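Please look over the sequence and the model first.

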Amino acid sequence: MQDFAAVRSEMGEFWNIRSGLEESVKGFFSAPPEADVVLESLIPEKDFNTAGKGSAEVKNLLKRLGVDPEVLRRVAVAAYEAEINVAAHSRGGMMDSYIHSDLIHVVFRDKGPGIADIAQAMVPGFSTADDMVREMGFGAGLGLPNIQKNADALHITSSAGGSTVLEFLIYFANNER
Amino acid sequence: MNAKETKYFHALQILEDNCTGCTACVRVCPTEAIRVRDRKAQIDPNRCVDCGNCVTVCPFHAILPRSDSLDLLSNFKHTVAIVSTSYFGQFTEDVSYGVAKQALFALGFDEVQEEAMVTDFMIEMIRDYIRANRDKRPILSSNCPTVVRLIQLKFPSLLPNLFHQEAPMSILTRYLREKIQAERGLAEDEIGIFLIVPCAAHVTAVHQPEGAYKHLQDGAFSIGMIYGKVREHIKNLQNHPPTIDTYPRGLTWALSGVQAELVDCEDIRALSVNGVENVMEILSRVEDHYLDQYDYIVLRSCTNGCVGGCFNVENPFVAMSRIKKMIKEGENGEVDVRDLEELYGEGEFEVAPLTPRPVMELDKDIKTAIVKMKQINEILTTLPGLNCSACGSPTCYALAEDIVQGKAAIEDCVVLLQRHSREDETVEG
């Protein structure tokens, strides 16, 4: 993906920021302002009936705010994929959405077991999903790449055996091009 | 009707004398358009999509789906009825298709035509449109007026995906009006073309069509309203069954599932969805591009499709089974579609680009909207969270929103009021 800059991956941490947004993303993370609206949602392990509810809620909320439909779709896809990831690969976790006047910041924290090699996990088609997950139609290995494609900034921290934190930013001003 | 008119016509009317303010309707409205204020239900015309959920659920017959009066027929020199396919599923099995159709003449129509006549043509037209619009996936059916309005209101990003051609009954209207004018030497306004419809949304669509370029129908009659009269004529006709053309193959239009099967072919994959809750869930997934593998989605707000409309007298599953039987057993009359094909080729059935009706948003300005949402969340923490609707708003969230928008007060919450009065008692005691 050549229009992405600042791709940096090392064991344990992954950053991807859409080019041109480095300054504002850095500014945001160095001193995160207090969110105007916060939405919390639980993601139980392997519960594919509940997974997806959090992202649906966020989408409905952004609709009420009048967010651009294309931006809305990107948020919905990124949030949904991340939610499914937590349900499919972890022992369950939380999804917290922080809505600011110009962007949405969504954070997923799980209870482990962590990602051994994040760079490998980012490769389209790579998946560690077990048979049960695959039987349910998930585990195609497109979750993380899809999140990266739709988010303006993606940050993952993880270690094998520990928990994973995935967070992304999407600006409301439509800046995909 | 003036297209710029912002006041929306609706076929649903609340009979205040019957309304007890029970809130049953408030809870089933998919667009949260109903509130009970001063113990009477009120419908917000900007939000209502005419789905008819409230009509079906009201235990007091306080929500009356309006349709036109047959007296209208006397205003015209030549009158035509165009019958919705679901009409034929409303009778017991001893009533033949032909008899049910013939009985309609007794209501005073000079001509009786059927939606079913153009179903085959529609299927071909839909396929052609799908192939000509490869850049849009999936194409969404636009026949159900409730679905069109739901998309305008809640899924505006999907408006370009709607099948931008007239529905079968409107196509027939266009074609017949010109044909009758030429054949009988009548002026446009001397011909009255009326629909016999299964739901309130179709009445609304006749009086306030979305995207129509030309004058379409002159009125709509509810199947339920004419049913009694038709039944009497059927009794008389039973002994002398008429010879009349019928189009059983076209009756598939009343069944959303069968319609999708017909459109489905080698290069077109179709999905069928019915019931307003299912429709909303699917539209939400289409919005996120999770259903791009489908070329066409048939969407109907009512159970099983138009057989589930609130004007029908028969249960939607029984009606569906009867219609399927008719399709299997009947013989199809010949339909000459050459004129229709020509009109389609000339773009005569095109619909103007449909426009959003963004009334679900908290504010036009996103910053103000966020401030309002913050206020809503603050109010929400003080509300009991029972979603009991006793305040007249559908949920605690909706009440909080109504308060922020200046349409309700915190005192409207009955549960809080009771808690406060108990606290007062304890203090006094």
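The sections below cover chain B, a sheet in it, a pair of helices in chain A, and the interface.

## Basis

This is a predicted model, in which local features need pLDDT of at least 70 and side-chain atom pairs count only at pLDDT 80 or more, while totals for chains, interfaces and linings use all residues. Residues are numbered from 1 along each chain as its sequence is written, and chains are lettered from A and ligands numbered from 1 in the order in which they are written.

## Chain B overall

Chain B has 15 helices and 11 strands; helices (H or I, at least four residues) and strands (E, at least two) are DSSP runs, numbered from the N terminus. Its C-alpha trace spans about 85 × 50 × 40 Å along the principal axes.

A compact globule of 429 residues would have a radius of gyration near 22 Å, and the 24 Å of chain B agrees with this. The radius is taken over C-alpha atoms, and the globule rule is 2.2 Å times the number of residues to the power 0.38.

## A parallel sheet in chain B

Three strands of chain B form an open sheet in the order β7-β11-β10, with parallel pairing; two strands pair if DSSP finds at least two bridges between them. β7 (139–140) and β10 (270–274) of chain B stand at the edges with a single partner strand each, so one side of each has no neighbour in the sheet.

Five bridges join β10(B) to β11 (residues 296–300) of chain B. B:Leu271 has B:Ile297 in β11(B) as its bridge partner.

## Two helices of chain A

Helix α3 (residues 69–89) and helix α6 (residues 143–150) of chain A pack at about 155 degrees, with their axes 9 Å apart. Axes are lines fitted to C-alpha atoms, for helices over the stretch in contact, and angles run from 0 to 180 degrees between N-to-C directions. The angle makes α3(A) roughly antiparallel to α6(A), a term for angles over 145 degrees.

Residues in this contact (C-beta atoms, placed from the backbone, within 7 Å) include A:Arg74 and A:Glu81 of α3(A) and A:Asn146 and A:Ile147 of α6(A).

## Where the chains meet

Between the chains, 17 residues of chain B are in contact with 16 residues of chain A. On the chain B side, α10 (276–287) and α13 (366–382) are the elements that give two or more residues. α13(B) gives the most, with seven residues.

Conventions: Two residues are in contact if their C-beta atoms, placed from the backbone, lie within 7 Å. Angles under 35 degrees count as roughly parallel, over 145 as roughly antiparallel, 65 to 115 as roughly perpendicular and the rest as oblique.
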